[in-house]
Amino acid sequence: MARGRIRARLRRGHLYTFSCLRPSATEEGPHSIEGPGYSRIVHCNQPLMHKRRPLKYRSNYISTTKYNFATFLPKALYEQFHRVANLYFLGAAIVSVSPLSPFSAVSMIAPLAFVVGLSMAKEALEDWRRFMQDMKVNTRKVKVHKEEGLFGNKQWQQVQVGDVVKVEKDQFFPADLLLLSSSYEDGICYVETMNLDGETNLKVKRALEVTLPFDEDEAFKNFTGIIKCEDPNPNLYTFIGNFEYDHQVYALDPSQILLRDSKLRNTAFIYGIVIFTGHDSKVMQNATKSPSKRSRIERKMDYIIYVLFSVLLVISLVSSVGFAVRTKFYMPDWWYLQPQNTDDYYNPKKPVVSGVAHLVTALMLYGYLIPISLYVSIEVVKVLQASFINQDIQMYDEETGNPAQARTSNLNEELGQVDTILSDKTGTLTCNQMDFLKCSIAGTAYGVRPSEVELAAAQQMAIDLEDQDAERSTLPRQKGKQQEIELETVVTSKDEKDLKSPIKGFSFEDSRIMKGNWWKEPNVDVIMLSFRILAICHTAVPELNEETGSYTYEAESPDEGAFLVAAREFGFEFFKRTQSSVFIRERYSASGQPIDREFKLLNMLEFTSKRKRMTVIVRDEDGQILLLCKGADSIIFDRLSKNGRLYLEDTTRHLNEYGEAGLRTLALAYRKLEESEYSAWNNEFQKAKTSIGADRETMLEKVAEMMERDLILVGATAVEDKLQKGVPQCIDKLAQAGLKIWVLTGDKMETAINIGYSCSLLRQGMKQICITAISSDAKEVVKENILMQITNASQMIKLEKDPHAAFALIIEGKTLAYVLEDDMKQQFLGLAVDCASVICCRVSPKQKALVTRLVKEGTGKTTLAIGDGANDVGMIQEADIGVGISGVEGMQAVMASDFSVAQFRFLERLLVVHGHWCYKRIAQMVCYFFYKNIAFGLTLFYFEAFTGFSGQSVYDDWYMLLFNVVLTSLPVISLGVFEQDVSSEVCLQFPALYQQGPRNLFFDWYRILGWMGNGLYSSLIIFFLNIIIFYDQAFCAGGQTADMAALGTAMFTCIIWALNCQIALTMSHFTWIQHLLIWGSIVTWYLFLLVYGMVSPTISGNAYQILVEALAPAPIYWSATLLVTVACNLPYMAHISFQRCFHPLDHHIIQEIKYYRKDVEDDRMWCRERSKARQKTKIGFTARVDAKIRQLRGKLQRKQTSLETLSPITPSQCS
Amino acid sequence: MTNTDRERHRERETAFYLFTQQRLPACKPVLTPAWVITIFLFTGFIFIPVGLVTLRASRSVVEIVERYDTECVPEPFRIDKVSYVQDDSIPKNCSLSLKVRKYMKAPIYIYYQLDNYYQNHRRYVKSRSDRQLLHGWKYHATSSCQPVEFNNNQPIVPCGLIAWSLFNDTFTFIRERAELKVNRKNIAWKSDRDHKFGKTVYPFNFQNGTLIGGGKLNPRIPLSDQEDLIVWMRTSALPSFRKLYGRIEEDLDADDVVVVHLMNNYNTYGFGGKKKLVLSTSSWLGGKNDFLGLACVFVGSSSVILAIVFMLLHLKSRRPYGDPSYLPWNRKSFSG
């Protein structure tokens, strides 16, 4: 609290030049609020006024559920029967009650009820979870003014417009509030808006001066006022309204508005009036309805269903026409049918009626073409797949205890087809923590600890050089094994080292300047000066940690914190800040005793993204006025004096190295000022500051500019933005898997670029294309300019000859707003697709969603969005797959997501292993399903041709019922759940395998039609072989001929065998489960026949004792089964063996390597292949290492050719 | 908990763990050339002998087929065969003489074969009542038997179109003036006789209506003994079918002449169906059926051919299996 006051005073002080000048209410008059869109009236502290119309606004209850108790049944049923196939089965079920049905009604209704019931139960469960989450939010407590200045707890859902609420530190705001006052005297408060826009820095909000006195509970006894403002809208950054109090009208602007779902930080409490509640609040207005997503395969499946429907319709029409013709012309002769005695269904006199009626029968009879069980099986398979994802121990985060979670199982296979990943930055890629790693002072580089990129590059070089040595000397490569160190191991060892340095924000290591050793260095003065710059030039506040006695710092940005920690470790501990001074304890002084020094702060020119620098002007204890400046290197270098360029060359070199190593850099400079010079400038500055009008900012900038020149460069710092664990490796692997990664962040451009560097999305030598909007009022001009930039950049990319050249596109939210308009987005997308990496900064949540939609719809490829905050919700919902990072505070992203993982790095396994598997499983499973149903369904049709198209089925009803439910479904499910083309390790080692998904190798029309053709072939073989074998001859020694039951059963046996052998051929991974299910299905069939043959003949009819008495003793039955099974599968067998031999796919070869155990025998080859098994990528860690190697090799080659002593180095390649 | 119990528990836990992590031990067969060739050759070596054996069995069967539907209508009636067959006043006697070409070993099966007869028509197939056949007319819910359900408000036993259209041609066989002994017992499945057709169910009100279909049944013999009916009630799968009529339990020598006296009662003229009489011996495999053997030989030989083709192709453009140079990223055409 006390600290807060100090800080508040500080804020009000003259130091804060740019951001903190309060626009006084008198400056600009109240807004003229009238007309449509500005109708909201809020009676402050009189919530009762809002109980009646027209002031009755929406309650603060939020609901994100799809259904409620009343709407669940109709809505969910509608959803279910939205699916074509379900609708068809509904129709079939209704008709099945009539005599038209070729089957019994139960056999039609039961499967449908099961399918729909299962799906609806799943929906209900998911919605229930959403409901519970909503309830959790709705029942949060907040202090609300009850009466007579008394505050009491109320649930969020009961908060009403006009209520006065008191929000305490680290609480979320329950609704959109007007800030009245805060624990600070001047009514400011700090707000974290991470859930809204993803920005992590705190934002300052300030109350109106007139409401400042209301900073106690009692003050609200008689407080009233009226707010007139805009209607609810989704715009986060604008607010227009007036506050009428005490017969005066004051204008309100966004800086008085506290938005729901943002958080109060560093402020003990605030008072506020509720303006927008519940779904009226800006954050809820921003929320888009969560769409129900369907995977690509499922959507394609619909088309296949349509195709099958057409086939169904065609054969049904053929049947019914055939039936009508037969009925009209032939049936009168068939006296044994008593044609004169018929009802309408078989009336030769009304062939049309009979034909139409028969159409219905035929549609139902051939319904086996449309696999109703496909949906059930897919649901079951997906749920099981999802549970495997949930249980994967390697995606379990031990720190937070969060496993990966498939929140909807609809999209498992979509994970295997992702083409573009759109990632949030803060909280997803980074932990928002900076580590001071290196610095360059007075032209000398300090800091020996290498960055991740450097380490890996060195290792890779070592391997390659050693390779070449071996090749040249043709010596046995025994050493090789030990030296082959993977990037992973390099990086993990780095992680272990990190654990050893316990100081947060500091991983610097260099004995030359640590522990006071810098005294022994040359240029002690410069070193000291640069440390002082680090310790003084900032806006942070120190905080004494009572337990350890050391100071921690509350800085606006984590970089600044890292600098202060570094300065502290170097012996320049910043420990106190007053309104006008900064105090520093210097541990290593000339005397050897710690000395406290005071630096009087004269001016502070703050950091803005436009200025890219920060300057303080201080007076030291000797009275010397110093200007200390830190900023982006380019900015500082432009402002150096002639004699300040002593270290310029060395520092530039170091800065480039740092940049290459993925570090974010700042240059440090200073300037000594004469008293007279300073006071002259200060007058100017004060004048500019007190000036009133629109151009105040420009004036201030101009004046600041006057002072920040003639600087003397002292050095540069390099800070490593702490990425989350495993992020670079993960990005690397994903890039190798051929995925494109876009970063969409609410952060500043510089931050975003730096992160781009540290996670290897950007690297030195990559051409950066920045698209920026010129500041101009005319929209046309701006757009034209942007369009020109885009065209130019596209041209540049087209003309680029170097195959290794990579481009990065960086674009800002403001520009994006223009670019995303309809007339320009295609050009933008074209450019973005050509670039290796795309970074969008300062984007709003809505823009994130829009960009996602653009990528999704523009490229037609699968997109995955990953994020952790509420600001990512839009994008998560918009993308084909949304992934939320769980384990952070806000759960909004997770709630909106389809999958949640605890850390970004788990994305690799989720996509490359589970995605790959699920994609192949579902694709194969669906293909097989169509095969199976075509093979079965068509035999019914062929048989029709032999029955005069009368609609008789050759199979017993029970066989048909069991076909999909028991006899063939379990093996398919085992295919869908357990199939693995290669093991998970191999998936990770060969990320290139992932491309099978995005290229859709396993579910293209070629393959689907192939499977359908296979089904057609099988149906022909099964039907006609059986018919010819059994049709008129005695089939056993007893002389009996086969009747319909015997033939049907024999045929069905063949079907069961053929289909199950087919699936066994399709699989490549047999655990005991597969064996059990496949061979068990066949055994089940015989068991069923046995049991069915034993029940009373009134139930089993002609199937009574059929196996025991008729079929089993007949050798022809068994040999026919064998023949048909082999004949059905022989072509497929030939196909796969020829395909494997002559056009092997990636996974075939890896399977073979594994099969021959070559990976064990020749692990060198294995390692080499692993390192090569990746898509040629231009981003990621490996690409970066490659680039570095290319560069070094180029240097080496130049050296060699000039010396001409050594034979030229050939790049190590294995044929 | 004993030690073994604990161990077993741990085992189960690890098995479960392996299951959830999808790491269960698995066999991962790969179609290597050795396997492919082995499988194809093996298939061939199974199927060709099987085919040959089957073919041999089928060839050993002697079969005599005689169509009689036209011959058995006397010349003057051939213009209107339907009225001939429907006219009860005209005797339907007819004689055929069959020449035995090859020695036929008993039992010789007698079949009648009907063509273009849709016994598999849905209207026909449905028109029966299994319950009535078993329980007799005590069982009333025979709506499935329509249109042959009631006659003069009396239930018909057996009801339905199938029974109503019972085949009623009869055959007697004479060799050298001596009647051949024809066994007409046990021509139906035993289970049908014992469990499907009631032992106490007698035909009732059968073929009593204005519309007379096929054969009549002796009302004093229970259904379980009416084997012709039982055979007939097993509807055939195809419109052309044979049904067992009886067995000749004497051998027939080559060049024997068998005279068949038949009653040509059954009306196939209305729908132009053929009627045939078939005498056939049987092998262990059943009747004469060359197709199965031929198909087996065909499949077997194509699989051998496949094996050879594969072997040759593999030798010609030999791809060393498990050779990483065939991985896509090692191939030239690969573009990332």
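## A salt bridge across chain A

A:Arg58 has a relative accessible area of 47%, which makes this residue partly exposed. The structure described here is a predicted model, and a search of the whole of it finds 61 salt bridges over all chains. One of them joins A:Asp280 to A:Arg58, with the closest N and O atoms 3.2 Å apart. The two partners come from distant parts of the chain, 222 residues apart: A:Arg58 sits in the loop between β1 (40-44) and α2 (72-80) of chain A, while A:Asp280 sits in the loop between β13 (269-276) and α6 (282-286) of chain A. Whereas A:Arg58 is partly exposed, A:Asp280 counts as buried, because its relative accessibility is 5% and the cut-off for burial is under 20%.

## Further salt bridges in both chains

A second pair in chain A is formed by A:Arg585 and A:Asp596, whose closest N and O atoms are 3.0 Å apart.

In chain B, B:Arg59 forms a salt bridge with B:Asp290, the closest N and O atoms being 3.2 Å apart. This pair again links distant parts of its chain, since B:Arg59 lies in helix α2 (residues 33-59) of chain B and B:Asp290 in helix α9 (residues 290-316) of chain B, 231 residues apart. B:Arg59 is partly exposed, with a relative accessible area of 48%, and B:Asp290 is partly exposed as well, with a relative accessible area of 22%. Salt bridges can also share partners, and in this way A:Arg294, A:Glu298, A:Asp302, A:Lys382 and A:Glu413 are joined into one network.

## Chain A as a whole

The secondary structure of chain A comes to 40 helices and 33 strands. Of the 1215 residues in chain A, 60% are buried, and the chain exposes about 47400 Å², of which carbon and sulfur atoms supply 57%. Among the contacts in chain A between residues at least 6 apart in sequence, 74% join residues that are at least 24 apart.

## A covered helix and a partly exposed methionine

Helix α14 (residues 558-570) of chain A has 13 residues, which at 1.5 Å a residue should span 18 Å, and the 18 Å between its end C-alpha atoms agrees with that expectation. Just after α14(A), A:Gly571 takes a positive phi of about 105°.

A:Met706, in helix α18 (residues 696-707) of chain A, is partly exposed at 41% relative accessibility. Leaving aside neighbours within four places in sequence, A:Met706 is in contact with A:Arg671 and A:Trp681. The C-alpha atoms of A:Met706 and A:Trp681 are 8.1 Å apart in space, although the two residues are 25 residues apart in sequence.

## A nonpolar patch on the surface

A:Trp958, A:Val1083, A:Leu1087, A:Leu1090, A:Val1091, A:Met1094, A:Val1095, A:Ile1099 and A:Val1108 form a nonpolar patch on the surface, which together has about 800 Å² of accessible area. Helix α33 (residues 1072-1094) of chain A gives the most to this patch, with five residues. An α-helix has 3.6 residues a turn, so residues three or four places apart point the same way. A:Leu1090 is found in helix α33 of chain A and counts as partly exposed, at 33% relative accessibility.

The domain assignment of chain B gives domain 1 (30-61 + 287-316) and domain 2 (62-281). Taken over C-alpha atoms, the centres of domain 1 of chain B and domain 2 of chain B are separated by 41 Å, and the contact takes four residues from domain 1 of chain B and five residues from domain 2 of chain B.

B:Gln132 lies in helix α5 (residues 130-135) of chain B and is buried, with a relative accessible area of 1%. Apart from neighbours within four places in sequence, B:Gln132 is in contact with B:Trp137, B:Tyr139, B:Thr142, B:Ile156, B:Val157, B:Pro158, B:Cys159 and B:Val201.

Terms used
Residues numbered from 1 in each chain as written. Chains lettered and ligands numbered in written order. Predicted model: local features only at pLDDT ≥ 70, side-chain atom pairs only at ≥ 80, totals over all residues. Heavy atoms only, no water. Patch = residues over 30% accessible without salt bridge, like charges linked within 9 Å, V, L, I, M, F, W, Y side chains within 5 Å. Areas by Shrake-Rupley, 256 points an atom, 1.4 Å probe, with all protein chains shown as cover. Salt bridge = Lys/Arg side-chain N within 4 Å of Asp/Glu carboxyl O. Helix = DSSP H or I, 4+ residues; strand = E, 2+ residues; numbered from the N terminus. Buried < 20%, exposed > 50% of the residue type's maximum accessible area, 1.4 Å probe, protein only. Expected span 1.5 Å × (residues − 1). Domains from an automatic or database assignment. Contact = heavy atoms within 4.5 Å.
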